[in-house]
Amino acid sequence: MPTATNPNKQPVIQDPACQAGSDAELRFQQKVDNDLKIEPRDWMPEKYRQTLIRQISQHAHSEIVGMLPEGNWITRAPSLRRKATLIAKVQDEAGHGLYLYSAAETLGISRDEMIDQLHSGRAKYSSIFNYPTLTWADIGAIGWLVDGAAIMNQVPICRCSYGPYARAMVRICKEESFHQRQGFEILLTLSKGTEAQKRMCQDAINRWWWPSVMMFGPHDEASPHTAQSMKWKIKRFSNDELRQRFVDMCAQQVKVLCMELPDPELRYNPSRGHYDFGPIDWQEFHQVINGNGPCNRERLSARIRAHQEGQWVREAATAHAAKQAAKLEKQVA
């Protein structure tokens, strides 16, 4: 594998004696099997590096684009407390994106390159963020369902074989747990309100349930990356395993809200010890993934516009950093 360089001028070292041969691969896999972390300067297969770049950068893009559906509700939140809490949540998501971009940079890809991949459509982000937020209850549904699905996906990544990714996820998961509780509390308040508020609560659950179930990706047999990612311990559980855990959790929690999940086939199966649930509309999933969801174009254009309008801020920050470095160099001299 060729040597790459990250933006901090730290080379991603590959042992010259460890070309992509059987011995190098074997030593790498043994390290993974023994639950030892792979660090940026360790030898790694090129496919492992590329898989991590794809997954971590898409995760980072999802955090940044995920700010958009909620951000436009900050000024419309029903109370000062709700506004402050939502601001804190959106701020957290920006931070998550920064942690993840930094983790990906340790693999030899620059942040500018990752952002260009997003803006050009070559990189994906979670399909869930291409749905509109129509009412205040949607903010609650995103917290409970979307962040709940994210936590189910992300907690196992705290034990990912790649050290920088695993360490970034520890703080992210703690903050996502707060986001989930915030969303559930919004829905719980609405569920105890007027009849109109109860209808709003149920409507939001109806619209966000299936897109949230789709967040775990295709069924295992249709997922091209799952088997290899699990062998490398980038993933610890398959898509279907995590989806089942999510359905089981929500099927119980929705009872506290006195609401229903929009699935007539949802029922507990004592022989399996899990809830059975209806078929997923994979046609909708692929349509959204391929750029034809309700808000795909809106979300991407908003990101591109924000990046362009923020160019002067990046230039000013770079100039300030250079000025400070020059000043420090003079002092040392």
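Author: Gladly. Let us start with the rings: those of Phe, Tyr and Trp count as a pair if their centres lie within 6.5 Å. By this rule there are 11 aromatic pairs in this model, which is a predicted one.

Reader: Why is the pair of W209 and W210 called edge-to-face?

Author: The ring centres of W209 and W210 are 6.4 Å apart, and the limit for a pair is 6.5 Å. Their planes stand at 65 degrees, and over 60 counts as edge-to-face, so that is the name the pair gets.

Reader: What makes W209 and W210 count as buried or exposed?

Author: The cut-off for buried is under 20% relative accessible area. W209 has 1% and W210 has 18%, so W209 is buried and W210 is buried as well.

Reader: Which residues form an aromatic cluster?

Author: F28, W43, Y48 and W232 form one.

Reader: What makes you say that a charge sits over a ring?

Author: One requirement is that CZ of Arg is within 6 Å of the ring centre. R76 lies over the face of W73 at 3.9 Å from the ring centre, and the charged end of R245 is 4.1 Å from the centre of the F237 ring.

Reader: Why is the contact between E46 and R49 called a salt bridge?

Author: Side chains of opposite charge can pair when their charged atoms come close. The limit is 4 Å between the side-chain nitrogen and the carboxyl oxygen, and the closest N and O atoms of E46 and R49 are 3.1 Å apart, so the contact qualifies. The two residues are three apart in helix α2, which means about one helical turn separates them. E46 is partly exposed at 28%, whereas R49 is buried at 9%.

Reader: How do you know that E298 and R299 pair too?

Author: Their closest N and O atoms are 3.5 Å apart, which is again within 4 Å. E298 is partly exposed at 46%, while R299 is buried at 5%. For D276 and R272 the closest atoms are 2.8 Å apart; D276 is partly exposed at 25%, and R272 is partly exposed at 39%. The count by this rule is 18 salt bridges, and D35, K233 and R236 are linked in a network of them.

Reader: What lines the largest pocket?

Author: That pocket holds about 1,100 Å³ of space. It is lined by 43 residues, with Q58, N153, M215, F216 and G217 closest to its centre. By class the lining has 18 nonpolar, 16 polar and nine charged residues.

Reader: Which element gives the most to the lining of the second largest pocket?

Author: α5 does, with five residues. This pocket has a volume of about 380 Å³ and a lining of 15 residues, among them R303 and H307.

Terms used. Residues are numbered from 1 along each chain as its sequence is written. This is a predicted model: local features need pLDDT of at least 70, side-chain atom pairs count only at pLDDT 80 or more; totals for chains, interfaces and linings use all residues. Side-chain values use heavy atoms; hydrogens and water are left out. On a 1 Å grid over the protein atoms alone, a cavity is a set of points where a 1.4 Å probe fits but cannot get out, and a pocket is an open set with protein on both sides within 12 Å along at least five of seven lines; lining residues have an atom within 4 Å of a point. Grid points are joined across faces, edges and corners, and a volume is the space filled by probe spheres set on the points. Ala, Val, Leu, Ile, Met, Phe, Trp, Tyr, Cys and Pro count as nonpolar, Asp, Glu, Lys and Arg as charged, and the others, Gly among them, as polar. Helices (H or I, at least four residues) and strands (E, at least two) are DSSP runs, numbered from the N terminus. Rings of Phe, Tyr and Trp (its six-membered ring) pair if their centres lie within 6.5 Å; planes under 30 degrees apart count as stacked, over 60 as edge-to-face and the rest as tilted. Buried means under 20% relative accessible area, exposed over 50%, partly exposed in between (1.4 Å probe, protein chains only). A charge sits over a ring if NZ of Lys or CZ of Arg is within 6 Å of the ring centre and within 35 degrees of the ring normal.
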